[in-house]
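Okay, thanks for coming, everyone. Let me put the structure up, and then I'll walk you through a few spots in it.

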Amino acid sequence: MPPRPFGLYVHFPWCSFRCPYCDFAVTTSRPMPGERYADAVIAEIRLRAHAFRGRTCATLFLGGGTPSLWEPAAIARVVEEARALGLPGGAEVTLEANPESCDADRARAWRDAGVNRVSIGVQSFDGAVLRKLGRRHGPGDAERAVREVASVVGNVSVDLMYGGRRSSVETARADAERLVSLPVTHVSSYALTLDAEVLAEEVPFARLARSGKLAFPGDDEVVSQGRAIAAVLEGAGLRRYEISNFARPGLESRHNLLYWRSDDYLGAGAGAVGCVRTEEGGGRWTNHRSVGPWLAALDAGELPTASEERLGPSELANERIMLSLRTAEGLDVAWLGPDRHGEVAALVRAGLGEIRAGRLRLTLEGMDLHSAVAERLFGSGGG
Amino acid sequence: MADSNQNIRNFSIVAHIDHGKSTLADRLLEFTGTVSAREAQAQFLDNMELERERGITIKAQTVRMNYRARDGKDYVLNLIDTPGHVDFAYEVSRSLAACEGAVLVVDATQGVEAQTLANVYQALDHDLEIIPVINKIDLPSADVEGVRREIEEVIGLDAVDAVPTSAKEGIGIEEILEQVVRKVPPPSGDPEGPLKAIIFDSWYDSYRGVVMLVRVFEGTLRPGLEIMLFHNRKQFEVQGLGVFAPFSQPVQQLVAGEVGVVVANVKDVTDAKVGDTITEFRRPVAEPFPGFKVVKPMVFSGVFPVDAADYDQLRDALVKLRLNDSAFTFEPETSQALGFGFRCGYLGLLHMEIVQERLEREYGLTLITTAPSVVYRITDTQGETLEIDNPARLPPVQRIALFEEPVLTCHIHGRTDDVGAILKLCQDRRGVQRDLKYIGTKRVQITYEIPLAEVVFDFFDKLKSVSRGYASLDYELKGYQEADLVRLDILINGEPVDALSVIVHRERAYQRGRDVCQKLREVIPKQMYEVAIQAAIGSKVISRETIRAYRKNVLAKCYGGDISRKRKLLEKQKEGKKRMKQVGQVEIPQEAFLAVLKVED
């Protein structure tokens, strides 16, 4: 069997401002030393590459932060570095962008740098919803951004966010309808998440929600919004291939599928996470979240790792359950211990899951309960 | 020889909780040089505290002190400490039976309290000489004269000589010892007579086998002596004798009047029953010491490992516990809902809690305990009598000719101010009033017959609460009485959960069914499936509650940087559910199985 390919993820932490719901590794400090950051990212990729020796880089994802703020020349250098790891000419190279930094000129520069897929953080086309999410672009900016980028790059994905203040089933449905009228190939539809134990770090909205200073829609409302969006998207031919992701057939995100299929990834940049699995198990590393310590380590010629985790058989098995159940491909039932088969039967009975060709896939209702389902299927020896 | 026991004084200390019993015991040990001041803190008390914290105050403590009195003579003072809960009333009575006197400690700032009274009456029942002590006189709010009057008026004891004491400051200690010497009668009994000794505690020691704590009334125990245990006529040879001073030390004999431990190659603690009489095999006494009872468990509950793999470990732990606690019983039980476990019998609810806590803490087991049940007596249509300690084993209604439940005679001491509340509580518990007696102007003694099942059901806590802690409870089993009882079943998603069944009075069944369903709705967490909770009598559903399924439990994003954090979150949730039992597809937390007990009236 040929060695499994891996994905390359590069994190660019700078944003022009911080969104009050965002828990990613983000900085708004200035100046933004884009070239120096690119040097360090390339140095890190080279340091980490030999853990992936003999394997081919299959995808590149430039995430953030707001990597669309990065100089196209710097982006081009990172793409070059991925080519050195074997990234084929036609392979997926995604750049995350916010609507403010999207126009046809920039899109051309990205395309020339090697980017062939742009993921735009639209969130909503409703002015009130956008303002309440703390976003600075308006509905018109978002639509213009999508059209201009699509005219150059072709493959455009859009992020939607529902469940925010001022949102309703109507605003959610309207967002989805406006979206499908645009030239998009892929949509990520996310419920606003403020649950403290789920977030990587505390965000202002979570604090305000907890103290009762801001009220957000309840679970029933959020579920209805998500379903309204899904119905419109699927009606327009965007297939739900993961809990929060919809794509025209064949245009699913190759890079993200790699996470959900438990493949490996090389993460570089401040706050990036990477994962390598071997026969015996595996490990996952997390980089320093702040640019300062991350740069300092690389300047000293060292790996910028802040923490490492060993992944034993039970962790790997649990991840496989958790991740594969997020996808339309589902979970190979043979991966589960025989003691879980009763659970599977109960899921099917309750209409939360269905079995096709030996794989358990969650239904619409099941997807809304993914965490509970995954946890019940975890091996009892785990943890 | 007859003189030897003239120098012995056997006494205990009785007190309301917090009135300073342990501190006083420490001072006595210190004053008599039995322990140094440092040891008193570091060893003796700590030992007791640890035992108390570990919940084994069921064990009596004794310590021997040597004291040269003002009369110039040397005395041996045996302090016999007693456990202090109504569950262990019998053990207390046996400890008191081993004494001739009792030091009664009353707090100079609190005066006579309910427990003081109950303890005093018990001591008086054993004809003990009582030495009142007014403690904590160092406190600014101490009212020595007021308390002295109260002892006389409320208890009816002569308190002229009551010793003003501060155990904390070491005041009055010598006077207490002098009064013990002067007032507590020396033990009578002929060291040459046929052996008669009472066992007032016993425990298992892995080196020596069963150790029996005894008080010799007649004759003399010596190593090599062939002894016989009265109740089962079993014969043993004395191998070693000892006293606690305060640490165990061997002695060559225990003569009439003395207190000490006997090791006689007894292997099974159930042979050495508290209250039994030890006599000489070749020269037995005609009559044993009166008052012996085979203590029988009054309350039963199922104990199941949450993880079925822990079954063997649970059995081993129960065997070990039983070695030291002959009042505790267990036998295998199988539940449809909970799998393999044990039906355990206890003296009362405190005893039950102690056993469960020890199983969980000392043996690291995670357990599910079902609601306690009393032993019901069924006479079936064939005329056969069955004892039912497990509601799941109740025969079908049409086969029951007579359904009887155990009833207690309860003696409650309380303040006159609380009479109304106490009577209401007793009435609510299907009690029948037998007596109500005022003692002085402030105290009342109330006697009620109350079904044991109603007492088991948090009666003691309620009594404490309606009387703001002042009332005390003492009870004995009166016997069995017919009652209109039914089995209340609980169904989860249509399946009866045998471990949740309880036997209740018919009049209470509807209310109880509603309460239990509501309580279960509170304690069973939301899950991914809807949960229907029903209460039923026979095939008739009398109450229903529904726990809606979650609407949403999903993480919106899960990419490379989220995987570990999210997996750990789910693993943590899974770990948290290890204390739950899955019945069908429903995860039921441990506390749900006790919810049937803990509903509010």
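Let's start at T305(A), which touches R48(A), W285(A), T286(A), N287(A) and H288(A), leaving aside residues up to four places away in sequence; contact here means heavy atoms within 4.5 Å. Quick note before I go on: this is a predicted model, where local features need pLDDT of at least 70, side-chain atom pairs count only at pLDDT 80 or more, and totals for chains, interfaces and linings use all residues. Residues are numbered from 1 along each chain as its sequence is written, chains are lettered from A and ligands numbered from 1 in the order in which they are written, and side-chain values use heavy atoms, with hydrogens and water left out.

Back to T305(A). It sits in strand β12 of chain A; helices (H or I, at least four residues) and strands (E, at least two) are DSSP runs, numbered from the N terminus. T286(A) is 19 residues away from T305(A) in sequence, yet their C-alphas are 5.8 Å apart in space. The side chain of T305(A) also makes a polar contact with the side chain of R48(A), at 3.0 Å. By polar contact I mean a pair of N or O atoms within 3.5 Å; within protein, one must be able to donate a hydrogen and the other to accept it, and residues adjacent in sequence count only if both atoms are side-chain atoms.

Now, the interface. The contact takes 56 residues from chain A and 34 residues from chain B. In chain A, S371(A), E375(A) and R376(A) lose the most area to chain B, together 17% of what that side buries. Buried area, by the way, is the accessible area (1.4 Å probe) that two parts lose on being put together, summed over both.

How many salt bridges does the rule find across the interface of chain A and chain B? There are 8, each a side-chain nitrogen of Lys or Arg within 4 Å of a carboxyl oxygen of Asp or Glu. One of them pairs R567(B) with E309(A), with the closest N and O atoms 2.6 Å apart. α14(A) gives the most to the side of chain A that touches chain B, with 7 residues.
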